[in-house]
Amino acid sequence: MQLRWPSFGRARERASGVTEAKASAAGPLIAMQALGRPVWTPRDYAALAREGLMRNPVVFRAVRMIAEGAASVPWVLYESGRELDAHPVLDLLRRPNARQSGKPFLEAVYGYVLVAGNAYVEAVTVEDEVRELHALRPDRMRIEVGGDGWPSAYVYSVGGRSMRFRQDDGARPILHLSLFHPLDDHYGLAPLEAAQTSLDIHNAAAAWHKALLDNSARPSGALVYQGRDGGNLTDEQFARLKKELEDGYQGARNAGRPLLLEGGLDWRTMGFSPKEMDFIEAKNAAARDIALAFGVPPMLLGIPGDNTYANYQEANRALWRQTILPLIGRMAEELVAWLAPGLELKPDLDAVMALTAEREPLWPRLARADFISVNEKRAALGYGPVEGGDVVSGHS
């Protein structure tokens, strides 16, 4: 069944009636390399999600800040420079499906992109019209490559069952959003992959700290038996001593309790102290690298040792300008090209409180600029033209 988009898309017809086919000349080389087989994701998404988002507070907060911030920005739709107050695309983005409103849906899409490097959106049609959008889990999706070297179908598998979505000409039930990957033709590179070493260091430091607390908040050591006769402990003595140490000295509740040693026993510390390992600084350095991979200023995550920005407001503005807004812009371009070619979808920057301070000086400067028209002023602020707004009212 071929999907059509009568409410959103526009038919493209040539006056001559001849359709021009375009394709990449290098595409068949990709197809030959893939041999027509499915291309599987080269990483374990579940491990990245579990060790990163679900266990690491830095990753969790960074993903939440970006996804929630990006999903909170409303959309503005334009046609030939004119803002549209109502359109099926806007209705669909406000209520993509019966289970979700627009913000939770977009938050899930952004979250999948940040954790997996890929996000997949399914379009559900009723009577040949797109009525619902659903965000699909990236780890359940695989790509089938066609003879032209590009995805010909997406296969979604869950619970032992699979659904195949064909990507025919003019029928694209799946929108694939991916981050740039230098070594993969089809799948994106997740920020967590770039920060995986720092993620492991940060998690290992937290696990080491937890184990340290569980073991009376002191580094591990050894009990050395130095009996007068030079012999060893009997099995019964060894078992009794081990049990006494576990019951009476291990755990946070026994922290600081003095160790009572019998004759011939000597405690010798083994391993480095936290100061020798520079434990805190190593953990903070790993946290800064994780924040860097996601594009979040460490100051916003409460990570010490970062003085790049003078204050919190500057750091928050940098987060929006350098990370969130580019992600929103890319999402807008992909969505409108998929749902409504020919229209223009933009974020409403006036609704972003973090950018209010930098936009306020622009208003009086434009108001004093009598050498440009009203529509040029509106365009500088991100608004569409109005009737009669092309006249310059200033003096020559």
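Author: Let's start with a pair of strands: E6 runs antiparallel to strand E7 (residues 151–158), with 5 bridges between them. This is a predicted model, where local features need pLDDT of at least 70 and side-chain atom pairs count only at pLDDT 80 or more, while totals for chains, interfaces and linings use all residues. Residues are numbered from 1 along each chain as its sequence is written, and side-chain values use heavy atoms, with hydrogens and water left out.

Reader: What makes E6 and E7 a pair?

Author: Two strands pair if DSSP finds at least two bridges between them. E6 and E7 have 5 bridges, so they meet that definition. One of these links is between Arg142 and its bridge partner in E7, Val155. The two strands form a hairpin with 5 residues between them, and Gly149 in the turn has a positive phi of about 90°.

Reader: How do you know that strand E6 is largely enclosed by the rest of the structure?

Author: We look at burial (buried is under 20% relative accessible area, exposed over 50%, partly exposed in between, with a 1.4 Å probe and protein chains only). In strand E6 (residues 141–145), 5 of the 5 residues are buried, so the strand is largely enclosed. Side chains in a regular strand alternate between the two faces of the sheet. Here Met141, Ile143 and Val145 point one way, Arg142 and Glu144 point the other way, and all are buried. Across the chain, buried residues make up 38% of the 396 residues.

Reader: Why is Phe60 called partly exposed?

Author: Phe60 has a relative accessible area of 43%. Phe60 is found in helix H3.

Reader: What makes the buried residues of H2 line one face of the helix?

Author: In helix H2 (residues 45–53), the buried residues are Tyr45, Leu48, Ala49 and Gly52. Looking down the axis of H2, they fall within an arc of 95°, so they line one face. The arc is that of the directions from the helix axis to the C-beta atoms.

Reader: And what counts as a helix or a strand here?

Author: Both are DSSP runs, numbered from the N terminus: helices (H or I) have at least four residues and strands (E) at least two. The chain has 14 helices and 12 strands.

Reader: Why are H3 and H5 called oblique?

Author: Two packed helices are described by the angle between their axes and the distance between the axes. Axes are lines fitted to C-alpha atoms, for helices over the stretch in contact, and angles run from 0 to 180 degrees between N-to-C directions. Helix H3 (residues 57–71) and H5 pack at about 140°, with axes 8 Å apart. Angles under 35 degrees count as roughly parallel, over 145 as roughly antiparallel, 65 to 115 as roughly perpendicular and the rest as oblique. The angle of H3 and H5 belongs to the rest, so they are oblique to each other. The residues in contact (heavy atoms within 4.5 Å) include Val63 and Ala67 of H3 and Leu106 and Tyr110 of H5.
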